[in-house]
Amino acid sequence: MVKAGKGWLAGLMVLALMGCASSDDDVKIEISPLPELDSSVATTVVWDTGAGDGIGEYWSSLSPEVAYGKVFVAERFGLITAFDQENGKELWQQNLRRVFATGALKKNNGARLSAGLSSGFDKVFVGSENGVLFALDQNSGEVLWQAQTRGELLSDPTVVDAKVVVNTGAGKVQAFDVESGEELWTYELTLPSLVLRGTSAAATTQGAAFVGTADGKLAAIFAQQGAPIWEAKLAEASGSNELDRMVDSDAKPLVLGTTLYASAFNGNLAAVEVRSGQIKWKRQYSSYTPMDLEGNDLYLTASDGTIYSVNRLNGLETWANSELTGRLVTGPAVLGDYLLVGDFEGYLHILDRETGKLVGRRQIDGSGLYSQPRVEGNKVFLQTRSGRIAVVTIG
């Protein structure tokens, strides 16, 4: 199995693998310049600080977790820090590098944290490319347990009832006891020969876990014993080359009431009935980033960086904004009347949620924003590639 990077990076890497490009001139990447703004919505940095060395140029799904009055932040190399949510005061640090300094995992070159953070049961969970899941005490940072998984961890662990469910890069969904770390069950997924680097985190409702798969499906699994419930097809692999046939569903599904919303690369955005897996509607969009919704409005970022608003009831498009294409735009997040996305140059872009018009931006730092902005109350929590954490208010 070969993994490719996402967005236009996927195109470059796959073309190289397939030998389709004979020179640098064969591949042209169109990066939209920053658009002019008629006026700019005011932004304020409430607090910001460094939290280790960040993720550098590596692919990662690490993002801040806001819970228990704290902001938990992890860097790739093993440092996890808890800050006071209101003022940014450091409360504790835990360095997981020492876990990988000796023994069988020494060859893996450090912690390589890549998945999380998430929380539940007074714990914080983070995963590693080395295939290790950690549970830390949210009050002290003490490592309560660690479990070896059957593949890389590339998406957030999900707490389902009293279990932690992870979707590994090897196509295995696993559940661990939240208190002890004991493995409870494993569910096998199908892996195509070429996939995007990343996996879908699990969504949960009604005692089930729902994950996107690398072959373009949405799978429902009983959380109690890991038994299958149903699978819904989001995309069909087709096309003249391997990149065209990649149909990964890597974005965490959204749950609202009795409906799931899920998307696939080179595939579709779909609304799926929770209990039966029946598809209510399906529209052609290619996406691999997390979505957000508010009321009847569903928001997603396409793989080329175009941002869409879609009516969640029927899948009809409300508006589209293509002014940021090629800028490796993150998944969108709703904050009041605004929609927020980040880009590879570290800009936080602010759109009017009703019209899709760009109404503001703020550069956090030049290393880049790579994960969906985290909104809590009236604040936005952002993590940059260099390890900077910024808390921003808008308006």
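Modeller: Gladly. Strands are DSSP runs of at least two residues, numbered from the N terminus. Bear in mind that this is a predicted model. With those strand labels, arginine 327 falls in the loop between strand E27 (317-321) and strand E28 (333-335).

Colleague: Why is arginine 327 called buried?

Modeller: Buried means under 20% relative accessible area. Arginine 327 has 2% relative accessibility, so it counts as buried.

Colleague: What makes the pairing of its side chain with aspartate 343 a polar contact?

Modeller: A polar contact needs a pair of N or O atoms within 3.5 Å, one able to donate a hydrogen and the other to accept it. The side chains of arginine 327 and aspartate 343 make such a contact at 2.8 Å. Beyond four places in sequence, arginine 327 also touches other residues, including Ile31, Pro33, Tyr347 and His349.

Colleague: How do you know that threonine 259 is buried?

Modeller: Its relative accessible area is 7%, and the cut-off for buried is under 20%, so threonine 259 is on the buried side. Threonine 259 lies in strand E21 (residues 259-263). Its side chain makes a polar contact with the side chain of lysine 280 at 2.5 Å. Among the residues in contact with threonine 259, leaving aside those within four places in sequence, are Leu254, Ala271 and Val274.

Colleague: What makes strand E9 (residues 132-137) largely enclosed?

Modeller: 6 of the 6 residues of E9 are buried, so the rest of the structure largely encloses this strand. Val132, Phe134 and Leu136 point one way, while Leu133, Ala135 and Asp137 point the other way, and all are buried.

Colleague: How do you know that E9 pairs with its neighbours, E8 and E10?

Modeller: Two strands pair if DSSP finds at least two bridges between them. E8 and E9 have 5 bridges and run antiparallel, with lysine 123 opposite aspartate 137. E9 is also joined by 5 bridges to strand E10 (residues 143-148), again antiparallel, and here phenylalanine 134 stands opposite glutamine 146. In the hairpin of E8 and E9, with 3 residues between the strands, glycine 131 has a positive phi near 80°. In the hairpin of E9 and E10, with 5 residues between the strands, glycine 141 has a positive phi near 85°.

Colleague: Which strand does E13 (residues 172-177) pair with?

Modeller: E13 is joined antiparallel by 5 bridges to strand E14 (residues 183-188), and glutamine 174 has threonine 186 as its bridge partner. These strands form a hairpin with 5 residues between them, where glycine 181 has a positive phi of about 85°.

Colleague: What makes aspartate 122 and glutamine 206 worth a look?

Modeller: Most residues other than glycine have a negative phi. Aspartate 122 has a positive phi of about 65°, and glutamine 206 has one near 55°. Aspartate 122 sits in the loop between E7 and strand E8 (123-128), and glutamine 206 in the loop between strand E16 (203-205) and strand E17 (208-212).

Colleague: What joins glycine 116 and leucine 117?

Modeller: A cis peptide bond, with omega about 5°. Most peptide bonds are trans. Leucine 117 belongs to strand E7 (residues 113-120).

Colleague: How many cavities of 30 Å³ or more does the structure hold?

Modeller: There is 1. The largest cavity holds about 130 Å³ of space. Its lining has 19 residues, with Thr168, Leu191, Gly198, Thr199 and Ala214 nearest its centre. By class, the lining has 6 nonpolar, 10 polar and 3 charged residues.

Terms used. Residues are numbered from 1 along each chain as its sequence is written. This is a predicted model: local features need pLDDT of at least 70, side-chain atom pairs count only at pLDDT 80 or more; totals for chains, interfaces and linings use all residues. Side-chain values use heavy atoms; hydrogens and water are left out. Helices (H or I, at least four residues) and strands (E, at least two) are DSSP runs, numbered from the N terminus. Buried means under 20% relative accessible area, exposed over 50%, partly exposed in between (1.4 Å probe, protein chains only). Contact means heavy atoms within 4.5 Å. On a 1 Å grid over the protein atoms alone, a cavity is a set of points where a 1.4 Å probe fits but cannot get out, and a pocket is an open set with protein on both sides within 12 Å along at least five of seven lines; lining residues have an atom within 4 Å of a point. Grid points are joined across faces, edges and corners, and a volume is the space filled by probe spheres set on the points. Ala, Val, Leu, Ile, Met, Phe, Trp, Tyr, Cys and Pro count as nonpolar, Asp, Glu, Lys and Arg as charged, and the others, Gly among them, as polar.
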